[in-house]
Amino acid sequence: MTVLNLPVVDFGPYLDPNSTAEQRQAVDQAIDKACRHLGVFILKNHGVPDELCNRMLDCIRRFIQLPDEEKRKCSVASKERGYVQSDLALVKGLRPPHENIAFYPPVNGFSNGLSPTVDPNSPDARLPTSPDALGMPDAWPSDEFRAQTEEYLEHMLQLKNRVHASIATSLGLGALSQKRFDDTIFASAFNGYRELTEAEVIDGGTNLPEHTDLGLLTFLSQDSDSTSLQVQDRDGKWYDVQPIPGAFVVNVGVMLNRWTAGQYHATVHRVIHRSKKPRISAAVFVDPFFDASIAPLSELTPAGKSCADQKAETFGKFSMDWYNSSEWPEY
Ligand SMILES: O=C(O)CCC(=O)C(=O)O
Ligand SMILES: [Fe+2]
């Protein structure tokens, strides 16, 4: 498998108050170019401390190392939340090669029709309700795990806002479109890929089937010695991604492809972990609110089409249909 040297974007100028407009513009151009081409790039000097990223990965590692019965206490009746193991492995009588624990904030208040009893403008709209349109609420392994995740996401929020500001500049977005980027939430999926035996390494296999992420952008942090992540180029050829220690792999999801009327490419990717060492990754997805429109941003709406021509479908409906359809791989 060919190793792909993804574009590496040094985000330093966005954090340095002494950087020049030209330096920031160069960052904007690099991100915009990568989003248009393969839809994926490596982001370094992003301002999220290395120590925090490592602490987050270690916290996930400790959870993944718990006995199955402990981990299963975090399984909940929801596709987007809780602990899951790949069932394919169980069919073959193997220990599952991939497991993950996912978190998704409450969506009732944002669901715009999925829960008609909630007024989206009321203060109650943002309170956790159980169950909501996605099923049962998040199940945290421990208070410590939750506090660790929240600290991580606080830093990710600043980064997300800066990356969105860069994209908004490149796309020439006005205030209304920028607000659509502000009205977003974080979903997260923390993945564990177990170590393989010699025979399994030779046999190979797919741990996370090919897919596109559904939201706007994904920020992925992973064990820095792992080349298990693969991305597909526009001709359908697969490449290993060479990680850079401390840097995020950032990829475009289906929503950003839609919002940009197809200008930004939603990357198809998968994980084939063929190593005698286990692997941990933390994917943070930026998703629109459930009541957000999936129509293109007004500045990018193709000529001759008004926004009203676009299907006024919400992200909530779109994502529920997506997860219930065959486009989302079962594994
Ligand atoms: O584990 C990885 O590197 C990728 C995870 C991923 O693609 C996902 O959770 O959507
Ligand atoms: Fe993904």
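This is a predicted model: local features need pLDDT of at least 70, side-chain atom pairs count only at pLDDT 80 or more; totals for chains, interfaces and linings use all residues.

User: What share of the contacts with a separation of 6 or more comes from residues 24 or more positions apart?

Analyst: Such pairs make up 75% of the contacts in the chain with a separation of 6 or more.

User: Next, helix pairs. At what angle do α2 and α5 pack?

Analyst: The general idea is that angles over 145 degrees count as roughly antiparallel. Here helix α2 (residues 50–64) and helix α5 (residues 143–171) pack at about 150°, and their axes are 10 Å apart. The two helices are therefore roughly antiparallel to each other. The crossing in which α2 passes α5 is left-handed.

User: Which residues make that contact?

Analyst: From α2 come L52, R55, M56, C59 and F63, and from α5 come F145, Q148, E151, Y152 and H155. By class, the residues of this contact are six nonpolar, two polar and two charged.

User: How does α1 sit against α5: roughly parallel or roughly perpendicular?

Analyst: Angles of 65 to 115 degrees count as roughly perpendicular. Helix α1 (residues 21–37) packs on α5 at about 85°, with the axes 9 Å apart. That makes α1 roughly perpendicular to α5. V27, D28, I31 and D32 of α1 meet S166, I167, T169 and S170 of α5. This contact divides into three nonpolar, three polar and two charged residues.

User: Which residues surround ligand 1?

Analyst: A shell is read as a list of residues, then by element and by class. Around ligand 1 are A189, N191, L208, D213, L220, Q222, L229, H269, V271, S281 and A283. The elements giving two or more residues to this shell are β6 (184–193), β8 (217–222), β12 (269–271) and β13 (279–288).

User: And how does the shell around ligand 1 divide by class?

Analyst: The shell around ligand 1 has six nonpolar, four polar and one charged residues.

User: Now single residues. Why does L196 count as buried?

Analyst: A residue is buried if 20 or more other C-beta atoms lie within 10 Å of its own. L196 has 22 other C-beta atoms within 10 Å, so L196 is buried. L196 is in the loop between β6 and α7 (198–203).

User: Which residues does L196 touch, leaving out those up to four places away in sequence?

Analyst: L196 touches V201, R274, S275 and K276 on that count. A separate reading is the C-alpha distance from L196 to R95, which is 9.8 Å for residues 101 apart along the chain.

User: What is phi of N45 near?

Analyst: Phi of N45 is near 55°, a positive value in a residue other than glycine. N45 lies in the loop between β3 (40–44) and α2. With 16 C-beta neighbours inside 10 Å, N45 counts as partly exposed.

User: And where is A261 found?

Analyst: A261 is in the loop between α8 (254–259) and β12. Phi of A261 is near 50°, a positive value in a residue other than glycine. A261 has 16 other C-beta atoms within 10 Å, so A261 is partly exposed.

Note on methods. Residues are numbered from 1 along each chain as its sequence is written. Chains are lettered from A and ligands numbered from 1 in the order in which they are written. Axes are lines fitted to C-alpha atoms, for helices over the stretch in contact, and angles run from 0 to 180 degrees between N-to-C directions. Helices (H or I, at least four residues) and strands (E, at least two) are DSSP runs, numbered from the N terminus. Angles under 35 degrees count as roughly parallel, over 145 as roughly antiparallel, 65 to 115 as roughly perpendicular and the rest as oblique. A crossing is left-handed if the near helix is turned anticlockwise from the far one by less than a right angle, and right-handed if clockwise. Two residues are in contact if their C-beta atoms, placed from the backbone, lie within 7 Å. Ala, Val, Leu, Ile, Met, Phe, Trp, Tyr, Cys and Pro count as nonpolar, Asp, Glu, Lys and Arg as charged, and the others, Gly among them, as polar. A residue is near a molecule or strand if its C-beta atom, placed from the backbone, lies within 6 Å of it. A residue is buried if 20 or more other C-beta atoms lie within 10 Å of its own, exposed if 12 or fewer, and partly exposed in between; C-beta atoms are placed from the backbone.
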